[in-house]
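Please keep it in view while reading.

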Amino acid sequence: MDITYEKAISRLEEIVKKLESGSLSLEESLKLYEEGAELSLHCHKLLSEARLKIVKLNEDNKDE
């Protein structure tokens with residue numbers, strides 16, 4: 001998936017609003033839920049990568 005964290009979060013917010021509206025068919029809801037799950041995993045991955053970079057930077061600074 002090639003989308004920024006900010007765009008993924010924005011899309012997740014849109015999906016939540018649509019799902020909470022209750023106006024979607026079951027099929028539409030399932031498709032949006034699946035997209036949301038993928039976006040959530042993508043965001044988690046990006047955050048994990050950012051944490052690792054911060055840890056590495058902190059370790060590198062301690063060595064100096």
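The following paragraphs describe one histidine and several salt bridges in turn.

The model is predicted, so local features are described only at pLDDT of at least 70 and side-chain atom pairs only at pLDDT 80 or more, while totals for chains, interfaces and linings use all residues. Residues are numbered from 1 along each chain as its sequence is written, and side-chain values use heavy atoms, leaving out hydrogens and water.

**His42**

His42 belongs to helix α2, which covers residues 26–63. Helices here are DSSP runs of H or I with at least four residues, strands are runs of E with at least two, and both are numbered from the N terminus. Is His42 buried or exposed? The relative accessible area of His42 is 9%, so this residue is buried. The terms are set as follows: buried means under 20% relative accessible area, exposed means over 50%, and partly exposed lies in between, with a 1.4 Å probe and protein chains only.

The side chain of His42 comes to 2.7 Å from the backbone oxygen of Ile3. Leaving aside residues up to four places away in sequence, His42 touches Met1, Ile3 and Ala8, where contact means heavy atoms within 4.5 Å.

**Salt bridges**

Side chains of opposite charge can pair when their charged atoms come close. A salt bridge is a side-chain nitrogen of Lys or Arg within 4 Å of a carboxyl oxygen of Asp or Glu. The whole structure holds five salt bridges, including those in the table.

| Pair | N to O distance |
|---|---|
| Arg11 and Glu35 | 2.8 Å |
| Glu49 and Lys45 | 3.9 Å |
| Asp60 and Lys56 | 3.3 Å |

Arg11 and Glu35 form a salt bridge. This pair links distant parts of the chain: Arg11 is in helix α1 (residues 5–21) and Glu35 is in helix α2, 24 residues apart. Glu35 is partly exposed, with a relative accessible area of 27%.

Glu49 and Lys45 are both in helix α2, four residues apart, about one turn of the helix. Glu49 has 36% relative accessibility and therefore counts as partly exposed.

Asp60 and Lys56 are four residues apart in helix α2, so about one helical turn separates them. Asp60 is partly exposed at 31%, and Lys56 is partly exposed at 48%. Elsewhere, salt bridges that share partners join Arg11, Glu14 and Glu35 into one network.

Note on methods. Polar contact = N/O pair within 3.5 Å; in protein donor to acceptor, adjacent residues only side chain to side chain.
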